[in-house]
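Dear colleague,

I am handing over the structure below, together with some notes on what was found in it. Please read the notes with the coordinates open beside you.

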Amino acid sequence: MLKLEDTYLHKGKRKALVAELRKKGIQNERVLEAINTLPRHFFFDTALISHAYEDKAFPIGEGQTISQPYTVAFQSQLLEIVPGDKVLEIGTGSGYQASILHLLGADVYSIEYQKKLFDHTTRFLQRLGIQLHLFYGDGTSGIPSFAPYDKIIVTAGAPVVPEPLVQQLRVGGILVIPVGDRKRQAMVKITKKSVKEISKEEFEGFAFVPLLGKEGWKL
Ligand code: SAH
């Protein structure tokens with residue numbers, strides 16, 4: 001089992017990564033501080049650990065990836081998390097993005113579609129002592145039993161915005177979701193203005209693994 005050790009070398013690399021993200025335009029100090037605090041290398045397979053502080057996505061098994069730090073920072077920043085926010089994440093994966101949201105003070109509900117990853121990440125986060133509400137299943141239907149959410153984040157590329165997610169967002173809430181084809185997506189930020197009205201902002205240039213399931217891509 002991987003030893004959870006955070007050395008000065010790791011801390012130094014993390015600081016350099018934060019400086020790089022700042023240069024690339026991430027401005028939210030609380031987001032940068034969370035990235036500076038959380039050892040990303042804990043979320044990596046032993047063989048890839050030396051790459052943990054590169055600003056790149058990496059494999060986490062089952063054909064899935066841990067998102068690029070810039071993308072994690074960008075999505076976290078768009079969510080405008082305030083402590084106490086109830087946040088739903090679709091695509092737990094390694095648990096890194098969910099842990100960043102937790103460090104920002106959110107109460108995180110996260111759902112993962114791949115059973116093996118779900119089992120692995122549940123055990124791992126328990127070991128880390130990070131308390132999140134983790135669920136196994138198709139997140140494109142949201143998790144209606146705990147709705148409404150202050151914020152919703154999707155960390156896989158969607159063909160369209162799943163309607164259940166907009167429904168489960170409280171009025172005033174924010175949904176951040178990459179939408180596009182299977183290879184490239186635009187980051188879409190949706191703000192729910194009223195029960196019937198939303199506003200939309202889009203940022204080009206992202207690449208996620210596909211969101212599968214009922215309102216996602218078919219295998
Ligand atoms: N947030 C993750 C990124 C993981 S990659 C991290 O920080 O590591 C995207 C994840 O979304 C994959 O683990 C994939 O299995 C999952 N996924 C894809 N479709 C899904 C769906 N319909 N519901 C829940 N998870 C889904």
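**Notes on the model**

His-10 is found in helix 1, where helices (H or I, at least four residues) and strands (E, at least two) are DSSP runs numbered from the N terminus. Please keep in mind that this is a predicted model, in which local features need pLDDT of at least 70 and side-chain atom pairs count only at pLDDT 80 or more, whereas totals for chains, interfaces and linings use all residues. Residues are numbered from 1 along each chain as its sequence is written, and side-chain values use heavy atoms, with hydrogens and water left out.

His-10 is buried, with a relative accessible area of 14%; buried means under 20% relative accessible area, exposed means over 50%, and partly exposed lies in between (1.4 Å probe, protein chains only). Not counting residues up to four places away in sequence, His-10 touches Glu-5, His-41, Ile-49 and Tyr-53, contact being heavy atoms within 4.5 Å.

**Helix 1 against helix 2**

The axes of helix 1 and helix 2 come within 9 Å and cross at roughly 155 degrees, the axes being lines fitted to C-alpha atoms, for helices over the stretch in contact, with angles that run from 0 to 180 degrees between N-to-C directions. That makes helix 1 roughly antiparallel to helix 2, since angles over 145 degrees count as roughly antiparallel, under 35 as roughly parallel, 65 to 115 as roughly perpendicular and the rest as oblique. Helix 1 contributes Arg-14, Lys-15, Leu-17, Val-18, Leu-21 and Arg-22 to the contact, and helix 2 contributes Glu-29, Leu-32, Ile-35, Asn-36 and Thr-37. By class, this contact of helix 1 with helix 2 has five nonpolar, two polar and four charged residues, where Ala, Val, Leu, Ile, Met, Phe, Trp, Tyr, Cys and Pro count as nonpolar, Asp, Glu, Lys and Arg as charged, and the others, Gly among them, as polar.

**The nonpolar cores**

A nonpolar core is a set of buried Ala, Val, Leu, Ile, Met, Phe, Trp, Tyr and Cys residues joined through side-chain atoms within 4.5 Å. The largest one has 43 residues, and those with the most contacts inside it are Ile-35, Phe-43, Tyr-96, Ile-100 and Leu-101. Among the elements that give two or more residues to this core are helix 1 (8-23), helix 2 (29-37) and helix 4 (96-103), while helix 3 gives the most, with five residues. A second, separate core of 19 residues includes Ile-90, Tyr-149, Ile-152 and Leu-211.

Phe-43 touches, among others, Ile-60, Ile-66, Tyr-96, Phe-124 and Leu-128, when residues up to four places away in sequence are not counted. As for helix 3, nine of its 11 residues are buried, so helix 3 is largely enclosed by the rest of the structure; the buried residues include Val-72, Phe-74, Leu-78 and Leu-79.

**Backbone points to check**

Helix 3 is followed by Glu-80, whose phi is positive, near 50 degrees, and Glu-80 is placed in the loop between helix 3 (69-79) and strand 3 (86-90). Glu-80 is partly exposed, with a relative accessible area of 45%. Glu-62 also has a positive phi, near 60 degrees, in a residue other than glycine; Glu-62 sits in the loop between strand 1 (58-61) and strand 2 (64-66) and is partly exposed, with a relative accessible area of 39%. Finally, a cis peptide bond with omega of about 5 degrees joins Ala-147 and Pro-148, and Pro-148 is found in the loop between strand 5 (133-136) and strand 6 (149-154).

With best wishes
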